[in-house]
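Hi,

Here is the structure I promised to pass on.

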Amino acid sequence: MGKLTGKNIRLRALEPTDLEFLYNIENNEAYWEVSNTQTPYSRYILKQYLENAHLDIYEAKQLRFAIETKKHEIVGMIDLFDFSPQHLRAGVGILIDQNHQQKGYATEAIKLLNKYAFSFLNLRQLYANITTDNKKSIQLFEKLGYQLVGIRKDWIFSNGKFKDVAFYQLIHPSILHEKNIL
């Protein structure tokens, strides 16, 4: 198996044929809190985004993959964002469509992304920002070795109230071995 192919899914570049999936995800208000979206996106804008999705992570400072099943069905997206080649780190964001949750796709996708980020991009650390009320995501990232390093109080204003955000980090395992932590 390659760096981006797992047992049940593969991570692949976005294609022009993904426009409708992207349109439906980006315009679903239920997801706006985690994506910092405040207004709907037009198909025209998303088409332009897809046309520029080929940009190198070093240029764009982000990279989005479609999460696709072996049956070639897109079930979600996973991102590296705020990529910092200087500090060897990036943020991780994942979204699995509601119809495909609880099937193990998120776990497999994050494992593949971790492997890609550490072995191909040579990153030292990955991090995730998760609202403290998002128990499923917290459980997912903790299961995959991400450690809680802090809470950002009243970080997100959503639906008329402030929410705390948990900040999780995963330090590359070889770094942990060097420090005799593992």
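Before the notes, a word on terms: helices (H or I, at least four residues) and strands (E, at least two) are DSSP runs, numbered from the N terminus. Two strands pair if DSSP finds at least two bridges between them. Keep in mind that this is a predicted model, where local features need pLDDT of at least 70, side-chain atom pairs count only at pLDDT 80 or more, and totals for chains, interfaces and linings use all residues. Residues are numbered from 1 along each chain as its sequence is written, and side-chain values use heavy atoms, with hydrogens and water left out.

On to the overall picture. The chain has seven helices and seven strands. Of its 182 residues, 43% count as buried (under 20% relative accessible area, with exposed over 50% and partly exposed in between; 1.4 Å probe, protein chains only).

The seven strands make an open sheet with mixed pairing, in the order β1-β2-β3-β4-β5-β7-β6. β1 (9-13) and β6 (147-158) are at the edges with a single partner strand each, so one side of each has no neighbour in the sheet.

β7 is worth a click. Eight of the 11 residues in β7 are buried. β7 pairs with β5 in the antiparallel sense over seven bridges, and Leu126 has Leu170 of β7 as its bridge partner. β6 also runs antiparallel to β7, joined by eight bridges; here Ile151 has Ala166 of β7 as its bridge partner. The hairpin of β6 and β7 has two residues between the strands, and Asn159 takes a positive phi near 50° there.

Elsewhere in the sheet, β2 (residues 63-69) and β3 (residues 74-84) pair in the antiparallel sense over six bridges. Glu68 has Ile74 in β3 as its bridge partner.

His100 is buried, at a relative accessible area of 11%. Apart from its neighbours within four places in sequence, His100 contacts Glu73, Ile74, Val75 and Tyr105.

Cheers

Definitions and conventions:
Contact means heavy atoms within 4.5 Å.
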